[in-house]
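Please look through the sequence and the structure shown here before reading on. The paragraphs that follow go from a sheet to a chain contact, and then to some local details.

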Protein chains: 6
Amino acid sequence: MSYYMHDLTWPEFNDKKDKVVILPIGSTEQHALHLPLCTDAKIAEQFSLHLAEKIDGVVMPTIVYGYKSKPLSGGGPLFPGTIDLNGSTLIYLVHDILMELVRDGFTKIFIMNAHFENEAFVVEAMDLVNRETNGAATIVESNWWDPMPEDVIDLIFDKVPFPGWALEHAAVTETSLMLYFAPQLCRMDRTVDVVSTNALPYFRYPLKKDDVPESGALASCAYSSAEKGKIIVDKVLPELVNICKKEFNI
Amino acid sequence: MSYYMHDLTWPEFNDKKDKVVILPIGSTEQHALHLPLCTDAKIAEQFSLHLAEKIDGVVMPTIVYGYKSKPLSGGGPLFPGTIDLNGSTLIYLVHDILMELVRDGFTKIFIMNAHFENEAFVVEAMDLVNRETNGAATIVESNWWDPMPEDVIDLIFDKVPFPGWALEHAAVTETSLMLYFAPQLCRMDRTVDVVSTNALPYFRYPLKKDDVPESGALASCAYSSAEKGKIIVDKVLPELVNICKKEFNI
Amino acid sequence: MSYYMHDLTWPEFNDKKDKVVILPIGSTEQHALHLPLCTDAKIAEQFSLHLAEKIDGVVMPTIVYGYKSKPLSGGGPLFPGTIDLNGSTLIYLVHDILMELVRDGFTKIFIMNAHFENEAFVVEAMDLVNRETNGAATIVESNWWDPMPEDVIDLIFDKVPFPGWALEHAAVTETSLMLYFAPQLCRMDRTVDVVSTNALPYFRYPLKKDDVPESGALASCAYSSAEKGKIIVDKVLPELVNICKKEFNI
Amino acid sequence: MSYYMHDLTWPEFNDKKDKVVILPIGSTEQHALHLPLCTDAKIAEQFSLHLAEKIDGVVMPTIVYGYKSKPLSGGGPLFPGTIDLNGSTLIYLVHDILMELVRDGFTKIFIMNAHFENEAFVVEAMDLVNRETNGAATIVESNWWDPMPEDVIDLIFDKVPFPGWALEHAAVTETSLMLYFAPQLCRMDRTVDVVSTNALPYFRYPLKKDDVPESGALASCAYSSAEKGKIIVDKVLPELVNICKKEFNI
Amino acid sequence: MSYYMHDLTWPEFNDKKDKVVILPIGSTEQHALHLPLCTDAKIAEQFSLHLAEKIDGVVMPTIVYGYKSKPLSGGGPLFPGTIDLNGSTLIYLVHDILMELVRDGFTKIFIMNAHFENEAFVVEAMDLVNRETNGAATIVESNWWDPMPEDVIDLIFDKVPFPGWALEHAAVTETSLMLYFAPQLCRMDRTVDVVSTNALPYFRYPLKKDDVPESGALASCAYSSAEKGKIIVDKVLPELVNICKKEFNI
Amino acid sequence: MSYYMHDLTWPEFNDKKDKVVILPIGSTEQHALHLPLCTDAKIAEQFSLHLAEKIDGVVMPTIVYGYKSKPLSGGGPLFPGTIDLNGSTLIYLVHDILMELVRDGFTKIFIMNAHFENEAFVVEAMDLVNRETNGAATIVESNWWDPMPEDVIDLIFDKVPFPGWALEHAAVTETSLMLYFAPQLCRMDRTVDVVSTNALPYFRYPLKKDDVPESGALASCAYSSAEKGKIIVDKVLPELVNICKKEFNI
């Protein structure tokens, strides 16, 4: 049977009430000249699918529109194709979905996030639902970079230095993951040389044209490969499984 | 090049500023024992794709969570797997997406709806954006049943009477469309006999268990076929194309 | 004793806790050159009063400002005198009124709607209140056209064809009802010939001046009469009474 | 021609664009054993009508549901029949109505309030509209007690002392106004003796049953009369006219 | 131990669960040429501190940004330095703070207000929290002028007439309180002669430059003194203590 | 003249329109057994004051109630004394304050944050204001840890390892800053030994009692000192000054 909720009929979904429901959340956001706008959404969905296979979970339809892209972690709103939701919109979107799951009797919910900027608003939604339902369900939110074991960084950044997570936008890790998950969507002939700038330690509005490189890439994607993508998945997945085991008692 | 916005890079999407952008909107909703939860989302997306092919448009990622399913047009919230957004959540979700398109310079937007209950809230979002932007973009919303030529009804309902659109949930038209668009997701061995009830001419809360048949089907899907699905598509598509030609001057 | 809540003192209203409370909702909206802006509000109130007489109910003050008039069911916002509430405003207005009734101990609430565009937002309010109060009250919403027996259409449209409900704005049915309910407010010397256009099967913003005829009438009101108004009332009222009997066990 | 907007057709209303539009706002609130729930709404509407006659204005449909009744100015929410809107609901209701008037080209708007508790929220709506429209219209809010010349108090309270405006709920002034405006709705045989308590100089929640007298009256209505009602109207009306002349340059 | 919550550690605050928690609320608002922008905030905080000393209470951090200053009670928004919150912002700010106190187990909450315009919105927040928590805590709101015994007015206004509370902005009472509480922040060499205008008995938008005197003072502050400030405090404080004793049973 | 806006009169504040306005934002949050609830607010205010002295800026009143404390960066909501605002409340609070500054003509605004959890919501407010005002003002948000030069970590953590910023709650850096800024509020006799746990790489609701150590401290504060506090200030301040110089052209 499919791991995707959307492929199921309602009785099939109903039968999975004691399984972990995984809600992927990504974005529609510029990812430089070589990666598609779906990058975060695809990565969220693929990690969710792999996780579902390991724990016999079910993958909900991906939230494909996310919170506002910020200049120094995603390039920001000045690039066409970046579709930014307001904070309160994302909070209530996640809130309503979670409430419906709780009403339907699901108590093990895992939100798989692949767009850094979503996090504070997703967690706000979790908190609101938790208060309204008096903690009726266990709701976990994670992403693929925070649970990553430290030695993976060394494996991936074997030839170029790690620029820090904020700048890893359309750079080595995301490019490698996309080469692994969806190589047909990667235009590796269009990658550009990027001299990683330092992430500014503050936010400033209005944004300026040269806040980010013209291509939208914040750091180099040189030496990306599907193999490196696979390494990330193979190393992160057991961590996600462990989180589920610990928090959901599965 | 793909018609899907999500497959494009930002410069590719940027190049389509004078094209029609199509935003499919469906739902995650019970569709009886034989159709998957994605039915409305899939139909919205497929009509969008076919339309894009005809007018060289671009298809945005589908909004897969929609407004609350109502008992007599969708079976209602008592079925697990039906994920209902609050009205204001959907209004602001659509609002934010439209605002971003307008800010990015797109002026021809077509919302392709396949879940009846979405409509009033989608149109509210359109009105709000129109006021805020002083009509900077032309925004059209349609679905696949209102533009359908009347003679199609006779072609489709050749052996059973047409129960009215409200009851056509998981019935002949949706089943035929899914048999055409995604036969692998249809479990035609699980269809149940349904004696179409009359749609109640009013709304009542709280809902009751027997407001809708136990299966979730509101009318019979007997004599559904991929051929009939193709007929619907072939007949409706030119109408959608005409709407676009007239309203977007393409 | 008056059927109008507003004429009662609080102890008199308090004594009616086991009666059906009827909340009329209309609009303030252009109704062509011959009908007043109160048309929907007056019709909602009069149906409510007639219903209250039949079931010994109580009629709340009419909600006279409604949701946005749409071009092809009401002429739209371009006509002065059309006062359009935003969707969320109407939702919370109805929500708060319903919540107060429930808090006061009323459990049988009937919302009598006479403005098509209100419906989705009124029902959203009902759903929200139902969730918040765990279904403490039975809340019904209906209008005067959906429960109308089919043969009434033939009686009313004896000389001109029925243009469909969407176009029946300031046309035969509403004009006849107003001639019956409030003839002094009808300026039958100002009616204009209207060639009914077809209702467009989609929504488009921004609106254009010629989306609707200059007069604001969407269909002809020829052959309207107070007698026809009485026929509608006499035929619809028993249906409304039946709904109340069935849903409120009265 | 009627002074009531609701009796007009849209072209008639359109012709009044340079007139003062008067928006009455009252409440649905307990008014002791002898006055009806419509008391504030009726008084607001009647003052509006009288004002319209003097300045050739137009009276909009009355807002009949108002902000929460407070114990020491209206008896509070514990009496059935008191329908309390949340603050934000009233703000947006008034906001939307004002915005529509401004969009329709009206620039002289007078809000006639007869329910003390409404005021802060009505003024918030005025401020919001004023900011959004850059002051496109002159919007005035007043009531019937603040512009009252001081000598009227002496005329009205000739036999009993004036208890202060906060306690003048269902007491001498409101009872006299209702005896003048709508004597058929007054049950003067049901008045009760009330020993005016002092208004508490603070607010406290939760309310207690004995915060207000059991009847709902906060002060005595002894010696009320239609004549006193007429005195109030005759004395206040010129003040309202003066406000309009000064602020609207009419 | 400090009476200020902010000086305490969490276990120290936790030990005060059966004490009265006092929440001061003021504003950031022009106060003529001689008083600082903190005037209302300082007065609210100082009354709170004095009250805490009398009843062994605890003083929360002052809410220093308040509701919109109105022309005839605070000079209005045209003066730089007046920072006006929208009504809904203040409602939810107070709401959230109160909810947290209730969740932490505090049941005796006193809101000490020193900015007239805050009151309706603070009370709305109290009502919302009271409904959501089913009256779990007793919440009182007062200020320093309503509980003031009447004879204090005569003591303070011994040489100039009392202009009414609305005009007492940056005038004798506030200036005297500030001379008592924070003399170092008063620039008594900059006071200006003000001929008290009458408070207008209505609200009008847009505001005009000459709605208030150029200095921002609405009435004279002549004959203000620290001694008069002390008189106010000495007379009002016992009243506040009495309110607390009565409502909190301390 | 004072650097604090609240000490100024409105004309004094008005004279500073071309200066940088600094808005400190902290929290009311448990800080273990030895630091007061004001810790974040005090640190934000003190950094603001020091910055104002360097750039002749003006310090607004501190926002003392912040976004929800999270278990692994602040100990979370289970500790009494932690007052958590909802996300939308904080967004609109900051939004309204910024809007008022822009309306008053200020164009250089620096938000000094000392509570990690605030950041996403503060930046959302900045973005909303920027959109509404078309970038009329330059608005910067920073904190004291992101601009900190890397070598400071080595100076501060000379005897214990740096546990990471997430765990630096009531630990060496905050304790040292408080010993420097407000030693009288530090109870160094109550510090407890803490074995730094690892920050969990995910969020989970509901929280559990043992998610954080019983004291509320997430890491050790051993070897904290006022001297170390001074080092942080001396090293961070030039960075903040540089940000201001660069972004505000001062």
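In chain F, strand E1 (residues 21-25) and strand E5 (residues 108-113) run parallel and are joined by five bridges, where helices (H or I, at least four residues) and strands (E, at least two) are DSSP runs numbered from the N terminus. Within this pairing, Ile22(F) stands opposite Phe110(F) in E5(F). The model is a predicted one, in which local features need pLDDT of at least 70 and side-chain atom pairs count only at pLDDT 80 or more, while totals for chains, interfaces and linings use all residues. Residues are numbered from 1 along each chain as its sequence is written, chains are lettered from A and ligands numbered from 1 in the order in which they are written, and side-chain values use heavy atoms, with hydrogens and water left out.

The two strands belong to an open sheet of five strands with mixed pairing, in the order E7(A)-E6(F)-E5(F)-E1(F)-E2(F); two strands pair if DSSP finds at least two bridges between them. E7 of chain A and strand E2 (58-59) of chain F stand at the edges with a single partner strand each, so one side of each is left without a neighbour in the sheet. Helix H2 (residues 39-55) of chain F packs on the sheet and touches E1, E2 and E5 of chain F, its direction making about 165 degrees with that of E1(F). Contact here means heavy atoms within 4.5 Å, and axes are lines fitted to C-alpha atoms, for helices over the stretch in contact, with angles that run from 0 to 180 degrees between N-to-C directions. Helix H5 (residues 119-132) of chain F lies across E7 of chain A together with E1, E5 and strand E6 (138-143) of chain F, and runs at about 175 degrees to E6(F).

Strand E1 (residues 21-25) of chain C runs parallel to E2(C), and two bridges join them; Val21(C) stands opposite Val58(C) in E2(C).

How many residues does each chain bring to the contact between chain B and chain A? The contact takes 52 residues from chain B and 52 residues from chain A. The two chains bury about 3900 Å² between them, 61% of it on carbon and sulfur atoms, buried area being the accessible area (1.4 Å probe) that two parts lose on being put together, summed over both. Four salt bridges are found across this interface, a salt bridge being a side-chain nitrogen of Lys or Arg within 4 Å of a carboxyl oxygen of Asp or Glu. In one of them, the side chains of Glu12(A) and Arg187(B) meet at 2.7 Å, N to O. On the side of chain B that touches chain A, helix H1 (10-14), strand E4 (84-85) and helix H4 (87-103) of chain B each supply at least two residues, and the largest share, seven residues, comes from H4(B).

Over all chains, the salt bridges come to 84. Asp127(B) forms a salt bridge with Lys68(C), with the closest N and O atoms 2.7 Å apart. Asp127(B) lies in helix H5 (residues 119-132) of chain B, and Lys68(C) in the loop between strand E3 (66-67) and helix H3 (71-74) of chain C, so the pair joins two chains. By contrast, no contact joins chain A and chain D, whose closest C-alpha atoms lie 17 Å apart.

The backbone also deserves a look. Most residues other than glycine have a negative phi, and most peptide bonds are trans. A cis peptide bond joins Tyr205(A) and Pro206(A), with omega about -5 degrees, and Pro206(A) is placed in the loop between strand E7 (203-205) and helix H8 (226-248) of chain A. Ala170(D), in the loop between helix H6 (150-156) and helix H7 (172-181) of chain D, has a positive phi near 60 degrees.
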